[in-house]
Amino acid sequence: MIGLRRLTLGLFLLACAGRAQERDDLLTAGLVLYSERRYAEARVALRASETQRMGDPVVDFHLGRIALWFDDTAEATERLERARLHAPGDARIHNALGDAYGLAAQQAPLFSKLGWAKKCLAAYERAVALEPDNPAFHWSLLAYALFAPRIAGGGMEKARAAAARIKALDHAGGHAAFITVHLAEEQFDLAFAEANERLTADPDDFIALYQFGRCAAVSGRAIEQGIVALQRCLDLAEPEGDGRPSHALVHYRLGNLLEKQGQATSAKAHYAQAYVRHPDFNPIKMTLKN
């Protein structure tokens, strides 16, 4: 009888170990899919990995980010607030939570927008306080300053200050930050000058080439040169890291420029390629900071 109980216990533990391994495999698969920007597929795998893993800040963080991508404010806020509770020192979580509060501010009735906006700014500032040398979190402050009214802590002065901080931390990224500011102010000559300064130093800088194409798409100027710059991007490897321009975004910008030239068929082909390379491509979200 004792032997039978031991055998039963052994089989039970083996089954539990198998399920645990399966959950770990699902988590790994979900994170890989997330890194490949295949967010709908990543969401399925990560949700499946949640069994016996409720409250895991890694799972909640990534599912919260995915929920933001699909404009699911309620799930994003719930997951990211729970992730912050379990990992209060993780700057990425605070930054993502700022994104969630920012989305809530956009969707909220007029009388409650300011409250959500202030929560958004506080979350971004907390991320910067935790990791002051990470340019990505200063980019969030830059985007906030560009889009939020002065009463909520926005404004061009703060945007320029954020761009200067980014440039101090990441010289190449700083050019992109100032281009973003100049484009917002419609100072197109200054935007092109920033891109050209970087390209003079490194003609094959992916980000600078993309930013030149972006300047052309936004301003309607130097369209031929913009197309050449973006086509060169497609010959180069994508830069690594969240928030960096991707080949999908390059195809989207090429579509913008070709439309301006009246080449509708070629433009559609590039838009299609954007979705081939990034099945969950969302041009509004991809171009907010890029």
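**Entry: the main core.** I started with the largest nonpolar core, which has 32 residues; Val250 and Leu257 have the most contacts inside it. A nonpolar core here is a set of buried Ala, Val, Leu, Ile, Met, Phe, Trp, Tyr and Cys residues joined through side-chain atoms within 4.5 Å. Buried means under 20% relative accessible area, exposed over 50%, and partly exposed in between (1.4 Å probe, protein chains only). Helices H9 (171-184), H10 (188-201), H11 (206-219), H12 (223-233), H13 (247-260) and H14 (264-277) each give two or more residues to this core. H11 supplies the largest share, 8 residues.

I then noted a second, separate core of 26 residues, with Leu68, Ala117, Phe137 and Ala152 among them.

**Entry: where this comes from.** I am looking at a predicted model, in which local features need pLDDT of at least 70, side-chain atom pairs count only at pLDDT 80 or more, and totals for chains, interfaces and linings use all residues. Residues are numbered from 1 along each chain as its sequence is written, and side-chain values use heavy atoms, with hydrogens and water left out.

**Entry: overall counts.** I find 15 helices and 0 strands; these are DSSP runs (helices H or I, at least four residues; strands E, at least two), numbered from the N terminus. Of the 290 residues, 49% are buried.

Entry: Which residues does valine 250 touch, not counting residues up to four places away in sequence? I get Phe206, Tyr210, Leu230, Cys233 and Leu234, where a contact means heavy atoms within 4.5 Å.

In H12, the buried residues are Ile223, Gly226, Ile227, Ala229, Leu230 and Cys233. They cover an arc of only 165° around the axis, so they lie on the same side of H12; the arc is that of the directions from the helix axis to the C-beta atoms. These buried residues pack against H11 and H13.

**Entry: H5.** I checked the length of helix H5 (residues 91-107): at 1.5 Å a residue its 17 residues should span 24 Å, and the end C-alpha atoms are 25 Å apart, which agrees. The expected span is 1.5 Å times one less than the number of residues. H5 is mostly covered, with 13 of its 17 residues buried.

**Entry: H7.** Helix H7 (residues 135-147) got the length check too: its 13 residues should span 18 Å at 1.5 Å a residue, and its end C-alpha atoms are 19 Å apart, which agrees. How many residues of H7 are buried? I count 10 of its 13, including Phe137, His138 and Trp139. The cover over the buried residues includes H5, helix H6 (110-130), helix H8 (156-169) and H9. At the start of H7, a side-chain oxygen of asparagine 134 comes within 3.0 Å of the backbone nitrogen of alanine 136.

**Entry: two loop residues.** Aspartate 71 has a positive phi, near 60°, though it is not glycine. I find aspartate 71 in the loop between helix H3 (57-69) and helix H4 (73-86), partly exposed at a relative accessible area of 39%. Glutamate 186 is another residue other than glycine with a positive phi near 60°; its place is in the loop between H9 and H10. Buried or exposed? Glutamate 186 counts as exposed, at 61% relative accessibility.

Key:
A polar contact is a pair of N or O atoms within 3.5 Å; within protein, one must be able to donate a hydrogen and the other to accept it, and residues adjacent in sequence count only if both atoms are side-chain atoms.
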